[in-house]
Amino acid sequence: MTRSVPAPIGAILLSAILIAPALAQNKHYPVNRPPLRQTAFVALPLGAVKPAGWLKDQLTIQANGLTGHLDEFWPSLVGSAWKGGQGESWERGPYYLDGLVPLAYVLDDPRLIAKVKPWIEGILSSGQPNGWFGPPKNKDRWPLAVAMKVLTQYHEATGDPRALAVITNYFAYLKAAPPDWPDKDWRGVRAMENVLTAYWLYRRTGDRGLLDVAKSIHDHSFDWPGYFLKFPWTGEAVRQKGYPSLGKDIGMTAHMVNVAMAIKHAGVWYQQSTSDRDREAAFMALVNLDRHHGQVAGRFSGDEHLSGKSPTRGTELCAIVESMFSLENLVEVLGDAALADRLEMLAYNGQPGTCTPDYWAHQYDQQANQVLCTVAKRQWVSNGDTANLYGLEPNFGCCTSNMHQGWPKLVAHLWMATHDQGLAAVAYGPSVVKAKVAEGVEVTVSEETDYPFDGTIRFRVVAPKPVAFPLHLRIPHWAEGATVSDGDESVPGKPGTFLVVNRKWHSGDQIALHLPMKIRLESRYNDAVAVYRGPLVYSLKIKERFQELKRHHPTLPVIDWAVYPESPWNYGLAVDRGRPEQSIEIARVQKPGPQPFGHEDAPVVLKVRGRTIPQWTLASNSAGETPKSPVASDQALVDLELIPYGCTRLRITEFPVLAR
């Protein structure tokens with residue numbers, strides 16, 4: 001803040017925003033109309049938020065990697081029927097576009113926007129008189145649900161009315177056609193994905209027939225709220241019954257990508273049902289997944305089905321990006337700061353940790369304790385021997401087409417509008433938002449930070465004239481001692497809430513949010529510990545050797561890699577659970593480099609002491625069962641480096657604790 005500020009810093013108000021006041025609504029962006037319950041926040045149109053700093057570098061890496069070139073050589077996209085060819089006509093084209101479209105428009109990248117055009121023109125020209133659209137060969141509703149998500153983003157970025165017409169006509173088709181949402185098929189267990197778009201359209205048109213379609217879908221598809229309230233796939237159920245095959249109806253409900261999508265369904269439906277049961281189910285989904293299948297940094301396991309809490313269980317990349325999208329929707333609807341905390345953990349750990357730093361290769365399954373990435377049998381529930389390779393299409397190609405949405409949708413949801421005509425910093429990362437506030441004044445807020453590697457975040461407002469509006473700043477649950485200041489005065493923020501800075505802003509005004517990143521430990525499987533600082537979880541830095549297995553393109557670096565350890569990995573840590581800061585120190589904090597999640601130039605390095613545990617060895621080509629803590633070892637005590645999980649391809653993240 002500058003000295004010209006009319007209101008003192010003491011006028012800043014603290015508020016835990018859980019749901020918007022019933023009578024207030026945002027004036028500048030499409031909001032829920034009656035009878036839908038109002039959302040806590042309002043998503044901004046695609047393109048309103050742009051990445052900056054290291055985050056822009058990361059998205060540029062993605063644009064120069066697989067996302068920006070995949071349709072030039074991958075058979076599933078070359079000649080796709082979705083852009084008028086004779087090739088694949090099911091989900092892979094829409095999945096790819098669900099990441100390519102937001103990436104193109106948040107970067108304002110002319111090459112990517114030109115790449116989008118033939119795909120979109122193919123979809124827009126495919127509409128039939130009855131409202132069906134897409135490739136003539138496709139008779140399945142599921143890929144159309146993904147294609148509609150693509151069209152909503154494209155319409156927000158361009159205003160093209162043809163996209164609105166295709167969506168409108170398809171919902172007319174769904175209203176006239178009988179329900180067709182069988183539990184044994186993808187379109188059935190994922191049916192509620194259509195309701196997202198129904199509400200999006202209802203906000204713009206007010207057509208109540210859309211709510212009839214939404215209710216019909218809800219009433220005739222799998223009861224995900226009931227599933228999460230009476231969660232069937234507990235650890236005990238797995239031990240007694242094992243997992244069903246995917247071919248059985250019930251197997252679809254243990255499939256982790258279905259579950260990742262379904263995390264949001266109770267919260268989405270809550271807008272129409274207004275039932276406390278649905279609101280509770282939205283939170284119990286995460287509680288039960290953590291309790292029975294939780295992994296570090298907000299993940300849950302599934303290789304390919306839900307698979308328990310051991311740190312060698314896999315998590316599919318599709319489930320990471322779909323979980324992120326689910327959380328982005330839930331934050332908008334429910335406004336709970338804890339949901340955004342979890343979103344950041346997924347975005348800044350599991351998402352980069354399952355890709356190479358140059359974004360030319362990815363895994364199907366990642367592991368928290370991952371010490372060998374090879375073609376070999378592992379204790380997956382239902383995945384194959386290539387699932388943890390880094391490459392073009394390990395195990396199966398769904399992640400190859402669906403991985404691209406993670407980073408650009410995160411950027412698009414960093415900021416949201418509020419019903420008091422302000423803005424909310426929902427998740428943090430270097431960015432610039434341009435949006436309307438107050439009585440329609442368009443302001444620009446720059447967020448300057450190296451977060452999540454550093455806890456200082458500076459906000460600078462540029463406005464055409466002085467304007468009063470509130471700025472809602474999320475205080476993460478881990479940020480004890482958080483403050484917001486103008487350099488001279490500061491006020492505290494309560495963890496787990498949104499602190500509201502409510503004042504008149506002059507162009508050039510700045511404030512700083514300080515989020516202390518104290519080192520903390522989390523108890524994990526077999527009483528192991530995971531080490532956190534801010535939203536990042538830290539892993540052992542293992543020397544990695546990449547071995548080329550297959551090259552997929554004569555000039556582009558599209559390669560399948562095996563990864564081998566060339567340093568020991570079987571360490572226990574000498575730490576005090578009650579006072580981690582006494583035994584873990586920050587060795588280095590620096591600005592992110594050209595590849596923010598590179599292994600050798602990690603922005604943050606922690607130091608801790610540990611000993612190897614000789615009896616902890618490989619089992620089934622993964623790290624063996626984590627020894628139960630505390631663990632005795634007579635090996636030499638050595639210094640160890642821990643780096644962010646996202647900077648590793650091999651890692652130990654759940655560490656046994658040494659006996660004293």
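The model is predicted, so local features are given only at pLDDT of at least 70 and side-chain atom pairs only at pLDDT 80 or more, while totals for chains, interfaces and linings use all residues. Residues are numbered from 1 along each chain as its sequence is written, and side-chain values use heavy atoms, with hydrogens and water left out.

**Nonpolar cores**

- A nonpolar core is a set of buried Ala, Val, Leu, Ile, Met, Phe, Trp, Tyr and Cys residues joined through side-chain atoms within 4.5 Å.
- Buried means under 20% relative accessible area, exposed means over 50%, and partly exposed lies in between (1.4 Å probe, protein chains only).
- The largest nonpolar core has 208 residues, of which L44, W415, L423, F459, L473 and L515 touch the most other members.
- Helix α15 (residues 317-334) gives the most to this core, with 12 residues; helices (H or I, at least four residues) and strands (E, at least two) are DSSP runs, numbered from the N terminus.
- Apart from its neighbours within four places in sequence, L515 is in contact (heavy atoms within 4.5 Å) with Y428, Y451, G455, I457, I475, P476, W478, A479 and A482.
- A second, separate core has 8 residues, among them M345, A368, A530 and Y532.

**Helices**

- Helix α1 (residues 53-64) has 12 residues and should span 16 Å at 1.5 Å a residue, which agrees with the 17 Å between its end C-alpha atoms; the expected span is 1.5 Å times one less than the number of residues.
- The buried residues of α1 include W54, L55, Q58, L59, I61, Q62 and A63.
- An α-helix has 3.6 residues a turn, so residues three or four places apart point the same way.
- Helix α5 (residues 142-158) packs against helix α8 (residues 193-205) at an angle of about 35°, with their axes 9 Å apart. Axes are lines fitted to C-alpha atoms, for helices over the stretch in contact, and angles run from 0 to 180 degrees between N-to-C directions.
- W142, A145, M148, K149, T152, H155 and E156 of α5 meet E193, N194, T197, W200 and R204 of α8.

**Residue T315**

- T315 lies in strand β4 (residues 315-316) and counts as buried because its relative accessibility is 1%.
- Leaving aside neighbours within four places in sequence, T315 has contacts with M256, Q295, R299, F300, S301, G302, I320, Y364, D365 and Q366.
- H265 is 50 residues from T315 along the chain, and the C-alpha atoms of these two residues are separated by 21 Å.

**Backbone geometry**

- Most residues other than glycine have a negative phi, and most peptide bonds are trans.
- D303 and E304 are joined by a cis peptide bond with omega of about 15°; E304 lies in the loop between α14 (276-293) and β4.
- The peptide bond from Y451 to P452 is also cis, with omega near 15°, and P452 is in the loop between β9 (441-449) and β10 (456-462).
- N395, in the loop between β5 (365-366) and α17 (398-402), has a positive phi near 65°. N395 is partly exposed, with a relative accessible area of 26%.
- D527 has a positive phi near 65° and is placed in the loop between β16 (519-523) and β17 (529-533). At 34% relative accessibility, D527 counts as partly exposed.
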